[in-house]
Number of protein chains: 6
Amino acid sequence: MIYLTRREHFAAAHKLWNPNWDETENQRVFGACANPNGHGHNYTIWVTVKGEINPETGFVVNLKDLRDLMRKAVIDQVDHKNLDLDGDFMQGKISSTENLCMVIWQALEKGILALGATLHEVKIAETENNTISYFG
Amino acid sequence: MIYLTRREHFAAAHKLWNPNWDETENQRVFGACANPNGHGHNYTIWVTVKGEINPETGFVVNLKDLRDLMRKAVIDQVDHKNLDLDGDFMQGKISSTENLCMVIWQALEKGILALGATLHEVKIAETENNTISYFG
Amino acid sequence: MIYLTRREHFAAAHKLWNPNWDETENQRVFGACANPNGHGHNYTIWVTVKGEINPETGFVVNLKDLRDLMRKAVIDQVDHKNLDLDGDFMQGKISSTENLCMVIWQALEKGILALGATLHEVKIAETENNTISYFG
Amino acid sequence: MIYLTRREHFAAAHKLWNPNWDETENQRVFGACANPNGHGHNYTIWVTVKGEINPETGFVVNLKDLRDLMRKAVIDQVDHKNLDLDGDFMQGKISSTENLCMVIWQALEKGILALGATLHEVKIAETENNTISYFG
Amino acid sequence: MIYLTRREHFAAAHKLWNPNWDETENQRVFGACANPNGHGHNYTIWVTVKGEINPETGFVVNLKDLRDLMRKAVIDQVDHKNLDLDGDFMQGKISSTENLCMVIWQALEKGILALGATLHEVKIAETENNTISYFG
Amino acid sequence: MIYLTRREHFAAAHKLWNPNWDETENQRVFGACANPNGHGHNYTIWVTVKGEINPETGFVVNLKDLRDLMRKAVIDQVDHKNLDLDGDFMQGKISSTENLCMVIWQALEKGILALGATLHEVKIAETENNTISYFG
């Protein structure tokens, strides 16, 4: 069993906001992250898959296939978008990095099985200081 | 003459949009950066000042003073904000990194003179790949 | 179960020295790290906690709370200090990164439980080339 | 049980090529990586070992010993070399990062036991975007 | 006048070799870099252009145009290539980073004028430790 | 004229302290940096030299020669040392990064002329956020 990790980047706007709370409560809990007009980040995402080495290629999966899957299933849905207002990727969910991580897991899991490997970890850095990991 | 550079970070939402153009023209010129609901970045900013070394301290300027100035004059104006909708920092300007760089120069120039040094460069990275510098 | 990692930095002086050995033996084992007047590092620390996502906030823990805990329990004890001479954080222990890692685990474990999560890993980089991890 | 990771770098040329395939098939599967004259990388390698802390030194292993082992068993075999043409380190294997990772595991496993610790992970980054890990 | 820098990466094989010298002299001067089968690097390149801000766009140049130019004029010529054996980009020149830097300057200078800006600097990092700059 | 930059690292302890002031005044001006038992850093240093390309080698200077010079004239004087107490490198000077930068310039200037190039810049990062440059 060998593990392959591919990194991608995307830039998105969002705000942290619980629609069941008033603005005061949102500000108290989420601080500057609840700024009504939003703010944004350069997110970095690492996707780790695991599997056996294919003896014909020396690969777990072909990186071109993993890159294409990540771009179609994730990057195209979120890059240069507003996570709260554009599309339905995060619909009905607070756009915390934790929730984003789980949504991306669901968006990738089947496609990676179709490549002959298993999704092991989705990791997202919102900033260089704060990172979220999900192992399913 | 010695040069001191201090780095800070901020996260902001924005879109690239010329209000004199229609949506088609904005999309043609600015591409995904013109997404109507905005997108965002973790900006990194480096401010370089120059001056003589004060023999009593060994400093050009005290880093605490430069940090306080950068936070009050710049970071508090833009961090976790929407550059186009919040406050008047970028008012009437397209929020390109080039324009942002010149506005930050104006916001810092006098305060750095008051610290006994001269502003030399404002550099901003919108992403790790794209950086803007202004020398006044 | 989701994992959240927060990074902090601190700068400290120390030396590697076993008081039961003479200077020759300390130099033989610890090399330049046994320089009698000490040396120092910019340490980077990553603290990983795990837990369930709170549906009201989308968070495992509020990053502000984790940051406050890390600063109070760790950074304030070691930043701009001499690990061997200041305070009692490392008292009676050789200030290797391995020992520092275990002491920081003990300093954080209960506070993270009080935030509703579980401490998963303390990782410390003494330099960009050398890193220590402890999982309890 | 505590984990220590040491990072090293090396630069090498290689190409991805299955000798059982013709050039068309190699280009189809490996793309630009099958360029007949080869290409190259700055590889970064992280070796993680685990063990108990020695109370006399505060160390799992002495970093000088781990560095010497990594340089002799790995870096000297591959740095400023062509992985496909020089020496027998990768002989008979497609020089994918996956295969390189397993070969490096075999080159280090016994030497680390001789230092009193256990090899836990070999991780290699071919570029900043693509990383392979092997845990034995 | 404002300065814009764009970063790109490429991976290439090469060796340092003066064809007027024998192997002993090449090894003496170039060391491991003269390994006959070559070695390789992940090169990072930063291209800085300067100009006035276009008031309609807020841009010095459109980053998409600069990226397209860099990819067509430079990256496509060198990425996943052998600098000494493939194409004529470095023909007749020792493939030192110094020479590579000057060749890339010549490959970009006119195209950047056509974008309405002036080439200011070509910077190349062969490794994280060694960087070359050329200002024309 | 072409510019070559080489990066090195060193770890040292120091404190900021003006011996003409009492402890209260030192704490007021230098803050935590005046901690009596010292603190320390991983310093990063970049040395930039300029010159013409030697047509026989394609080099401004041979990197091995520059590395040897930097290690002998600088790194061996300061690495794993206390800048205030060990040797005479910083004798009689407050160990600010500004003063350190000028002392390193003096330690390198003649040796670089002897290599056939001219010293252009000494840059030192005390932390990732704070950097000092000196151009002579």
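**Exercise 1. Determine how many residue pairs are in polar contact across the interface of chain E and chain D.**

Step 1. A polar contact is a pair of N or O atoms within 3.5 Å; within protein, one must be able to donate a hydrogen and the other to accept it, and residues adjacent in sequence count only if both atoms are side-chain atoms.

Step 2. Across this interface of the predicted model, the rule finds 17 residue pairs in polar contact, both residues being at pLDDT 80 or more. Salt bridges (a side-chain nitrogen of Lys or Arg within 4 Å of a carboxyl oxygen of Asp or Glu) number 0 between chain E and chain D.

Step 3. The residues by which chain E touches chain D divide into 6 nonpolar, 11 polar and 4 charged. In this classification Ala, Val, Leu, Ile, Met, Phe, Trp, Tyr, Cys and Pro count as nonpolar, Asp, Glu, Lys and Arg as charged, and the others, Gly among them, as polar.

Note on conventions. Residues are numbered from 1 along each chain as its sequence is written, and chains are lettered from A and ligands numbered from 1 in the order in which they are written. Because the model is predicted, local features need pLDDT of at least 70 and side-chain atom pairs count only at pLDDT 80 or more, whereas totals for chains, interfaces and linings use all residues; side-chain values use heavy atoms, with hydrogens and water left out.

**Exercise 2. State the area buried between chain E and chain D, and name the residues of chain E that lose the most area.**

Step 1. The size of an interface is often given as the accessible area lost when the parts come together. Here buried area is the accessible area (1.4 Å probe) that two parts lose on being put together, summed over both.

Step 2. Between chain E and chain D this area is about 1500 Å², of which carbon and sulfur atoms give 47%. On the side of chain E, the residues that lose the most area to chain D are E:Asn37, E:Asn42 and E:His80, together 38% of what that side buries.

Step 3. Contact means heavy atoms within 4.5 Å, and 21 residues of chain E are in contact with 21 residues of chain D.

**Exercise 3. Describe the contact between chain C and chain A.**

Step 1. Chain C contributes 18 residues and chain A contributes 21 residues. Together the chains bury about 1600 Å², 51% of it on carbon and sulfur atoms. In chain C, the residues losing the most area to chain A are C:Ile2, C:Tyr3 and C:Arg7, together 30% of what that side buries.

Step 2. There is 1 salt bridge between the two chains: the side chains of C:Arg7 and A:Glu128 meet at 3.3 Å, N to O.

Step 3. Helices (H or I, at least four residues) and strands (E, at least two) are DSSP runs, numbered from the N terminus. β1 (2–14) and α2 (63–78) of chain C each supply at least two residues of the side that touches chain A, and the largest share, 6 residues, comes from β1(C).

Step 4. Two strands pair if DSSP finds at least two bridges between them. β1(C) and strand β5 (residues 130–134) of chain A run antiparallel and are joined by 5 bridges; in β1(C), C:Leu4 is the bridge partner of A:Ile132.

**Exercise 4. Which strands of chain E are joined to β4(E) by bridges?**

Step 1. β2(E) runs antiparallel to β4(E), with 7 bridges between them. The partner of E:Lys50 in β4(E) is E:Thr118.

Step 2. Strand β5 (residues 130–134) of chain E is also antiparallel to β4(E), through 5 bridges. In β5(E), E:Ser133 stands opposite E:Lys123, and a hairpin through 2 residues joins β4(E) to β5(E).
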